[in-house]
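Morning, everyone. Please bring up the model on your screens, and I will walk you through it.

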Amino acid sequence: MPRRERNKFVKKNQVLELKIEDYAFGGKGIARIQSEEGSFVIFVPNTLPGQLVKAQISKSSKNYAEAKLIDVLEPSEDEVEVPYQDIPGAPYIQLPIDLQHQYKKESTLTLFKKIGKVANIEDLFDEFVTSPNVFHYRNKMEYGFSAIGYDRVTKRDKDEFTLGFKRRGVWWMGDNLEKDSGLFDKQLEDNLKNIRQYCIDTGLEPWHGPKKTGFFRYFVVRKSFKTDELLCNLVTTSPELENFDLQKFASFLKDIFGDRLAGLLHTINDETGDRTIATAGSLDLVYGKDKIVEELLGLNFEISMKSFFQTNPKCAEKLYSKVVEYVLEDKTKVDNTVVMDLFCGTGTIGQIVASKSENAKIVGVDIVASAIEDAEKNAKRNNIDGLKFYAADVGKFLVAHPEYKDKIKTIILDPARAGIAPKTLQKIINLNADRMVYVSCNPATQARDTELLAEAGYFIKKISLVDQFPHTSHIETVVLFEKK
């Protein structure tokens, strides 16, 4: 085997101070090192042009390197002060929202040019759909307990009972959330320090990541924008559970949040893996109810602690409205036909299409059985007929149901971040539909699929971008493909 050529500019784990000069898709800032041998590019996620940052090289090749952000030493001139505590989940909260939109649009369309080979992508651009709430838009947050904290003055770790978020890139170090982060519910987050103090006063230990010991692990909260209720879940280990009064903790929360507290659940997670829900653990109701109800475009959806649901429901309404707009653009391809809704999740898009069309039959397929169960319950609750859901792998389902070939005019696609496996995409193409409406939370994989779809005769007619997650690098795309 030929020996891999060593990088002459940087070494793995090397810590550097870098000036960010440009922005690439996915929130990767671009820095350059100049030497006698030329210019060398380093990508640093969650950074902005103009920032001076401290970063550690995580991967290097002959042509470029990737680094993880340790700290922002100097802000960009574009950044402004905000009244929120900085957290890893909102790296761009100090960048004005119009500039966030500009970066997201330019970098996403460039992807479709370079990876999707769509030279005229600007001509096909339809709309940049903004989030109705720029702040406090999330309906779920997971706060982690840790026995190792972060000292914001010395910028070092210290032994401390923390409740908040992990420091970026440091899985074992917590950072106390002392006030509103600007992403979730202000009352909840302003009171998180009081919840932390309550837990400290019990004398029980928070989770110690390296040692895999401790009692308190997570405090998870879901919020309904329809009812303004909060559903809480305290995650602990089982040892010393007899020393913690769950009913007393529920009363403490009730004193703070009053009627807003819909319910308190308790999860036992004795696994060493860093997850909120254990595969072999338990989930018990301590107080109130175990579900809340959210509304999307006039339809009601019951949400449990384990349910998948759109994190920004107000923007999800705008996302789904755009998807349905594309689906119903030519109603002759929907009314009195069968519409295939693949990777359908809890079936929200299919339900909306069924409610707005004439005699359309929706066939929804998703590999997650619990999501399909939720889809069936939600369709029943909303009294929507014409829906049939299957819990199955999409590729295997299409092989097992050849009767749909040449019978489908419209396909809706909403895959996970990994995109669609090439073999599965080929099976979808083989259905020979007239058009596809492809929703993606990862435009990089969608741009990849665009090239394969073009080879099969499907070309982009329209593309819209939806900013579901302000202050992050994430962007969703809705693309209408038509067969020529």
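One term before we start: contact, or touching, means heavy atoms within 4.5 Å. Now the ground rules. This is a predicted model, where local features need pLDDT of at least 70, side-chain atom pairs count only at pLDDT 80 or more, and totals for chains, interfaces and linings use all residues. Residues are numbered from 1 along each chain as its sequence is written, and side-chain values use heavy atoms, with hydrogens and water left out.

Overall picture. The protein chain has eleven helices and 22 strands. Both are DSSP runs, numbered from the N terminus: helices are H or I with at least four residues, strands are E with at least two. The C-alpha atoms fill a box of roughly 70 × 65 × 45 Å along the principal axes.

Next, burial. Buried means under 20% relative accessible area, exposed means over 50%, and partly exposed is in between, with a 1.4 Å probe and protein chains only. Buried residues make up 53% of the 484 residues. The accessible surface comes to about 22,000 Å². Carbon and sulfur atoms hold 49% of that surface. Areas come from the Shrake-Rupley method with a 1.4 Å probe, and for residues only the protein chains shown count as cover. On contacts: take those with a separation of 6 or more, and 65% of them join residues 24 or more positions apart.

Now the sheet. Two strands pair if DSSP finds at least two bridges between them. Eight strands form an open sheet with mixed pairing. The order is β6-β21-β22-β20-β19-β16-β17-β18. Which strands stand at the edges? They are β6 (125-129) and β18 (387-391). Each has a single partner strand, so one side of each is left without a neighbour in the sheet. From one strand to the next, the twist averages 15°. Angles run from 0 to 180 degrees between N-to-C directions, and axes are lines fitted to C-alpha atoms, for helices over the stretch in contact.

Zoom in on β20, residues 435-440. β20 pairs with β22, residues 476-483, in the antiparallel sense over six bridges. M436 stands opposite F481 in β22. Helix α11, residues 443-455, lies across β20, β21 (458-466) and β22. α11 runs at about 160° to β20.

On to a hairpin. β14 (residues 291-296) and β15 (residues 299-304) pair in the antiparallel sense over six bridges. K291 has S304 as its bridge partner in β15. In a regular strand the side chains alternate between the two faces of the sheet. β14 shows the pattern: I292, E294 and L296 point to one face and are buried.

Two residues sit between β14 and β15. L297 is in that turn, with a positive phi of about 50°. L297 is not a glycine. L297 is partly exposed, with a relative accessible area of 33%.

There is another positive phi at D406, about 65°, again in a residue that is not a glycine. D406 lies in the loop between α9 (394-400) and β19 (408-413). D406 is partly exposed, at 49%.

Start with Q85, in the loop between β5 (64-74) and α1 (97-114). Is Q85 buried or exposed? Its relative accessibility is 11%, so Q85 counts as buried. The Q85 side chain reaches the backbone nitrogen of E178 at 2.8 Å. A polar atom of that side chain lies 3.5 Å from the backbone nitrogen of K179. Leaving out residues up to four places away in sequence, Q85 touches several others, including R152, N176 and D180.

Then D335, in the loop between α6 (313-327) and β16 (338-342). D335 is buried, with a relative accessible area of 17%. Beyond four places in sequence, D335 touches S357 and E358. The D335 side chain reaches the backbone nitrogen of E358 at 2.9 Å.

That is the tour. Over to you.

Methods: A polar contact is a pair of N or O atoms within 3.5 Å; within protein, one must be able to donate a hydrogen and the other to accept it, and residues adjacent in sequence count only if both atoms are side-chain atoms.
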